[in-house]
Amino acid sequence: MAVSRALLLRLTLRNGGGGRQIETGENRGNLRWAWALTLGLGGLDWIWADHAGLAFVGWLRPACVLLFLLAVGFIYGYSGRNRRLSDAGNYAALWVAFSASGAVFTYLCATLAMPLRDTEFIAIDAVMGFHWLTWARFVGAHRGLEVPLFIAYSTFLPQVVGSILYFAHTEQTARNGELIWIAMLSLILTTIVSALLPAVGPYVHFYGLQTDDIEVLMNLRAHGAQSFVIGGLQGIITLPSFHTVLAIVFIYVHRAPSRSFVPVAILNGLMLIAIPSEGHHYLIDMISGAAVAAGCIAIVRAAMRKQRIAPMVPSASTERYAVRG
């Protein structure tokens with residue numbers, strides 16, 4: 001009788017009775033291809049950096065973090081002891097590796113030193129009725145608006161970490177796969193576009209005050225031999241806005257039936273509002289970022305359409321309870 005009840009529980013869940021649909025991650029092919037892309041980009045970085053006379057140092061700490069996360073993913077996955085920890089370790093390791101290679105790629109592309117496009121971007125914003133100085137002064141004059149916008153804008157990295165852990169804990173591996181793939185494709189595309197259409201951003205353009213990231217950008221454009229610490233690389237992309245890309249992607253990957261959808265949508269709605277003032281972006285930066293996000297989401301969605309979708313699988317503890325019952 002106990003075995004029959006366990007079998008009935010499995011059949012009920014597999015047929016969708018009483019259980020919501022979740023996306024399982026039985027097929028790890030997407031993860032392997034993501035590592036292949038990461039390693040390929042890293043190889044391109046190494047060749048290009050050597051040719052451009054750029055050196056990137058300080059790899060010991062990120063390498064140790066990467067090895068630790070890979071060990072967690074392998075040990076808990078190979079032993080079968082904890083699928084959630086295995087997924088968290090594997091995807092966190094991939095994010096660390098690709099973030100490093102992607103950041104280096106942004107610096108290398110900046111050395112192309114194409115003409116700056118700030119004047120054109122300001123003109124495009126004006127046609128759309130957006131004036132950055134007016135908006136920035138409005139936000140700065142209202143502390144009650146500026147503080148929450150600043151906080152929301154600063155959640156970029158915590159949201160990446162939180163999403164990895166949340167999707168691993170809820171066994172929505174496919175959502176972690178979507179997140180990393182859309183982020184990878186988006187970063188590569190935004191980097192290429194920003195290299196062809198570079199800008200210093202409205203803050204530097206209007207106020208004439210060079211920020212740390214723009215100082216790096218201008219030094220890269222000068223083609224001098226330089227050395228950079230990998231842990232201190234700056235975000236130097238203006239158009240398209242990568243913050244806009246990830247804000248939209250966060251909302252997408254946390255879509256229903258994920259219980260995190262509402263708080264994530266609210267938080268990233270605030271982030272989108274904050275991007276012009278807190279991120280020093282033109283409106284056209286955000287529009288182009290939204291276009292990149294939409295395109296990459298469509299590509300990844302089409303590529304993963306055939307990925308296995310299965311009803312919720314009972315946890316090991318639930319199955320043990322059913323057998324004992």
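## Report on a predicted protein model

Arg143 is exposed, with a relative accessible area of 60%, where exposed means over 50%, buried means under 20%, and partly exposed covers the values in between (1.4 Å probe, protein chains only). The structure is a predicted model, in which local features need a pLDDT of at least 70 and side-chain atom pairs count only at pLDDT 80 or more, while totals for chains, interfaces and linings use all residues. Residues are numbered from 1 along each chain as its sequence is written, and side-chain values use heavy atoms, with hydrogens and water left out.

The protein has 15 helices and four strands; these are DSSP runs numbered from the N terminus, with at least four residues (H or I) for a helix and at least two (E) for a strand. Of its 325 residues, 45% count as buried. The accessible surface comes to about 16,600 Å², and 67% of that area belongs to carbon and sulfur atoms, as computed by the Shrake-Rupley method with a 1.4 Å probe, with only the protein chains shown counting as cover for residues. Among the contacts (heavy atoms within 4.5 Å) with a separation of 6 or more, 85% come from residues 24 or more positions apart.

### Salt bridges

Side chains of opposite charge can pair when their charged atoms come close. With a salt bridge taken as a side-chain nitrogen of Lys or Arg within 4 Å of a carboxyl oxygen of Asp or Glu, a search of the whole structure finds five. One of them joins Arg143 and Glu146, whose closest N and O atoms are 3.6 Å apart. These two residues are separated by about one helical turn, because they lie three residues apart in helix 7 (residues 143–153).

Another salt bridge joins Glu171 to Arg84, with the closest N and O atoms 3.7 Å apart. This pair links distant parts of the chain, since Glu171 sits in the loop between helix 8 (156–169) and helix 9, whereas Arg84 sits in helix 4, 87 residues apart.

The side chains of Arg255 and Glu178 also meet in a salt bridge, at 3.2 Å from N to O. Arg255 lies in the loop between helix 12 (242–253) and helix 13 (261–278) and Glu178 lies in helix 9, so the pair ties together parts that are 77 residues apart in sequence. Both Arg255 and Glu178 are buried.

| Residue | Relative accessible area | Class |
|---|---|---|
| Glu146 | 22% | partly exposed |
| Glu171 | 26% | partly exposed |
| Arg84 | 33% | partly exposed |
| Cys109 | 4% | buried |
| Cys296 | 3% | buried |

As for the cysteines, a disulfide is a pair of cysteine sulfur atoms within 2.5 Å, and by this rule the count comes to zero.

### Helix 11

Which residues of helix 11 (residues 212–221) are buried? They are Ile214, Val216, Leu217, Leu220 and Arg221. These residues lie on the same side of helix 11, because they cover an arc of only 155° around the axis, the arc being that of the directions from the helix axis to the C-beta atoms. The buried residues of helix 11 pack against strand 2 (54–57), helix 4 (83–110), helix 10 and strand 3 (226–229). After helix 11 comes His223, whose phi is positive, near 65°.
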